[in-house]
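Subject: Structure handover and notes

Hello,

Please read the two together.

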Amino acid sequence: MSVEKCTKSIDLSHHLSELSKARITSPLKGLQKYFSQPGILALAGGLPSPAYFPVSDVSANVLVPESFALAPTESSTSFSWLWKLFSSHNSTKENTQGITIPKYSAIDGDINLASSLQYGAAVAEGQLQIYLKHFISEVYRPAFEDWTVLINTGNTDGWARAVATLCNPGEGVLCEEWTYPSAMASMLPANIKPVPVAMDGLGMKSDALENLLSQWDPVSRQMSRPHVMYIVPVGQNPSGSTMSVARKKEIYDVCVKYDVIIVEDDPYYFLQLGTYVFKDDRSPGVTSSGRQSADESRQYVSTLTPSFLNFDHEGRVIRLDTFSKTVAPGSRLGWFTCNPLFAERLERHGETTTQAPCGFGQAVIAKILMHWTYDGYIRWLRGLRTEYQQRRDFFIDCLAEEFHLQAVPAIAGVWQGCTVYRASSKVKKSPSTTEKYPGRNRTMFSFVPPVAGMFVWMKLHLDQHPSFTPGDEDTLETKLWTKLAENGVLFGPGWMFAANAMSKDSVSTDAGHFRVSFSNAEFPDLKKAVTIYGRVIREFFEEENL
Ligand SMILES: Cc1ncc(COP(=O)(O)O)c(C=O)c1O
């Protein structure tokens with residue numbers, strides 16, 4: 001499929017749910033467009049006077065966009081344990097600049113509290129709208145002409161609204177076989193069920209999707225063919241997989257063929273970390289400390305894997321972006337990029353639920369973005385990427401210290417096409433111990449270093465456990481997870497991330513995983529957690545009777 005010319009989105013109104021079709025404009029919100037008319041004497045709304053807002057300005061010290069290096073430093077690549085200990089963020093002096101948001105601004109249109117803290121349209125502050133539109137056109141470059149942007153309170157809100165706008169009770173939603181549990185939890189109470197699609201090392205498989213849709217039997221499935229897909233294509237939660245452009249295009253084409261709307265939940269888009277390289281083979285990169293130029297921004301953005309929007313010539317993608325992983329989750333701010341019909345329906349939903357995201361959050365984030373400028377924000381995102389890359393590298397270096405890792409190509413299953421690291425014990429057993437499996441060679445778990453996101457997805461080789469019997473995976477996973485928790489280490493239990501984990505008819509076929517996040521703990525704690533994990537999992541695999 002090639003796209004020559006940017007055209008308008010096609011009519012996709014048949015995808016709207018009954019609930020969404022029934023939504024009317026909130027009567028008072030319908031007056032909103034008049035409020036912004038110059039000179040209007042607005043006496044219609046229940047608006048408090050800004051004179052009574054108790055905050056006369058908001059000031060913040062904001063990190064400069066160049067706060068984090070663009071490449072790991074030499075000391076970090078050589079795995080200096082002391083360096084890791086002493087370079088903790090707390091000890092680094094932060095380089096900040098002050099911003100202030102006044103209650104009333106001297107320049108028309110500038111961000112000010114009198115309007116940010118007032119009731120407003122559920123769309124976005126004027127300047128934030130303009131900024132996001134510019135950002136989207138530079139970074140995602142949608143392939144259809146009439147895309148629009150609507151803010152929300154983050155991707156959780158975005159997905160919940162998308163479900164209500166598109167799905168009727170009794171319908172199913174296509175999703176990866178391992179997926180983000182909160183997304184499933186938001187649709188299940190409305191009797192909207194996950195329809196898992198098999199994955200490999202690049203995420204959802206396009207051939208599996210095609211087979212599923214082409215052979216769909218509504219009678220045996222007791223459900224009409226799904227017309228909505230939920231997908232996390234970059235740094236997938238929990239598997240860590242990242243989809244190639246070619247795979248995205250294949251998935252997109254299948255969705256066009258079967259008329260499926262793609263909801264692209266992409267919080268880890270800017271955490272594209274690159275391939276993990278063993279510490280001995282790593283070389284320090286080059287970093288620059290000056291302001292980032294427009295050319296550098298363009299060059300960097302071109303290295304990022306494109307969004308589905310980039311080849312969505314029909315307007316069937318609803319993209320969810322969030323500031324949760326790039327600014328702060330507590331800001332509760334994100335946005336939809338989608339066709340105007342869906343945006344209008346999503347807005348109608350928003351105006352009777354959250355109304356608009358919190359004015360403080362919107363004003364502060366908008367002000368930071370204006371202050372940084374587009375190039376500054378891209379520079380910030382590049383620095384964040386490097387920070388998380390170092391965390392990932394450090395965590396995997398710790399695993400390599402603690403375990404014997406053997407690299408093998410995966411020929412089937414969820415990691416097909418990737419190099420998998422199989423972890424066995426480095427600890428030699430005392431000769432007096434007799435055991436069914438020689439400790440050194442027994443694979444206890446395996447993983448693929450993620451190229452994006454915040455998670456390492458570990459597959460436990462529970463069939464190597466002395467007391468394993470087929471069908472026992474869930475029990476063994478829970479036992480090991482509990483032992484770890486009792487020893488002070490909390491991993492995400494794998495069963496939670498099975499697409500149908502919360503359905504009443506849940507059948508777990510491939511149990512035995514942990515999702516481990518390297519994004520938040522300090523380096524010494526990551527090291528400590530891996531050491532404890534090493535001890536606990538070795539003991540676990542040596543126990544005959546659990
Ligand atoms: C795939 C996915 N979607 C959504 C979210 C939540 O995003 P937000 O904070 O924007 O609601 C997360 C957070 O972990 C996530 O991993």
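The notes below go from the whole chain to the sheet, the helix contact and then some single residues.

This is a predicted model, in which local features need pLDDT of at least 70 and side-chain atom pairs count only at pLDDT 80 or more, while totals for chains, interfaces and linings use all residues. Residues are numbered from 1 along each chain as its sequence is written, and side-chain values use heavy atoms, with hydrogens and water left out.

Whole chain

The protein chain has 16 helices and 17 strands. Helices (H or I, at least four residues) and strands (E, at least two) are DSSP runs, numbered from the N terminus. Of the 546 residues in the protein chain, 53% are buried. Buried means under 20% relative accessible area, exposed means over 50%, and partly exposed lies in between (1.4 Å probe, protein chains only). Among contacts in the protein chain with a separation of 6 or more, 77% are between residues 24 or more positions apart; a contact means heavy atoms within 4.5 Å. The disulfide count is zero, a disulfide being a pair of cysteine sulfur atoms within 2.5 Å.

The sheet

Six strands make an open sheet with antiparallel pairing, in the order β12-β13-β14-β15-β17-β16. Two strands pair if DSSP finds at least two bridges between them. Because β12 (403–409) and β16 stand at the edges with a single partner strand each, one side of each has no neighbour in the sheet. Helix α14 packs on this sheet and touches β12, β14, β15 and β17, and its direction makes about 110° with that of β12.

Strand β17 (residues 513–517) is mostly covered, with four of its five residues buried. On one side, β17 runs antiparallel to β15 (residues 455–460), and five bridges join the two. In that pair, Val-456 is opposite Val-516 of β17. The pairing of β17 with β16 (residues 492–493) is also antiparallel and has two bridges; here Pro-493 is opposite Phe-514 of β17. Further along the sheet, β13 (residues 419–425) and β14 (residues 445–447) are antiparallel over three bridges, with Ala-423 opposite Phe-445 of β14.

The α14 and α16 contact

Two packed helices are described by the angle between their axes and the distance between the axes. For helix α14 (residues 359–402) and helix α16 (residues 523–542), the axes come within 9 Å and cross at roughly 35°. Axes are lines fitted to C-alpha atoms, for helices over the stretch in contact, and angles run from 0 to 180 degrees between N-to-C directions. The crossing of α14 and α16 is right-handed, which by definition has the near helix turned clockwise from the far one by less than a right angle. Residues in the contact include Phe-394, Phe-395 and Cys-398 of α14, and Phe-523, Leu-526 and Val-530 of α16. By class, the contact has seven nonpolar, three polar and six charged residues. Ala, Val, Leu, Ile, Met, Phe, Trp, Tyr, Cys and Pro count as nonpolar, Asp, Glu, Lys and Arg as charged, and the others, Gly among them, as polar. Cys-398 is buried, at 1% relative accessibility.

Single residues

Pro-196 lies in strand β5 (residues 193–197) and is partly exposed, with a relative accessible area of 32%. Leaving aside neighbours within four places in sequence, Pro-196 is in contact with Cys-175, Glu-177 and Ala-499. Of these, Cys-175 is buried, with a relative accessible area of 0%. Pro-196 and Gly-172 are 24 residues apart in sequence and 9.6 Å apart in space, C-alpha to C-alpha.

Most residues other than glycine have a negative phi, and most peptide bonds are trans. Arg-141, in the loop between α6 (126–139) and β3 (148–152), has a positive phi of about 45°. Arg-332, in the loop between β10 (317–322) and β11 (334–338), has a positive phi of about 45°. Arg-141 is partly exposed at 39% relative accessibility, and Arg-332 is partly exposed at 34%. A cis peptide bond, with omega about 20°, joins Asn-237 and Pro-238; Pro-238 sits in the loop between β8 (228–231) and α11 (245–257).

Regards
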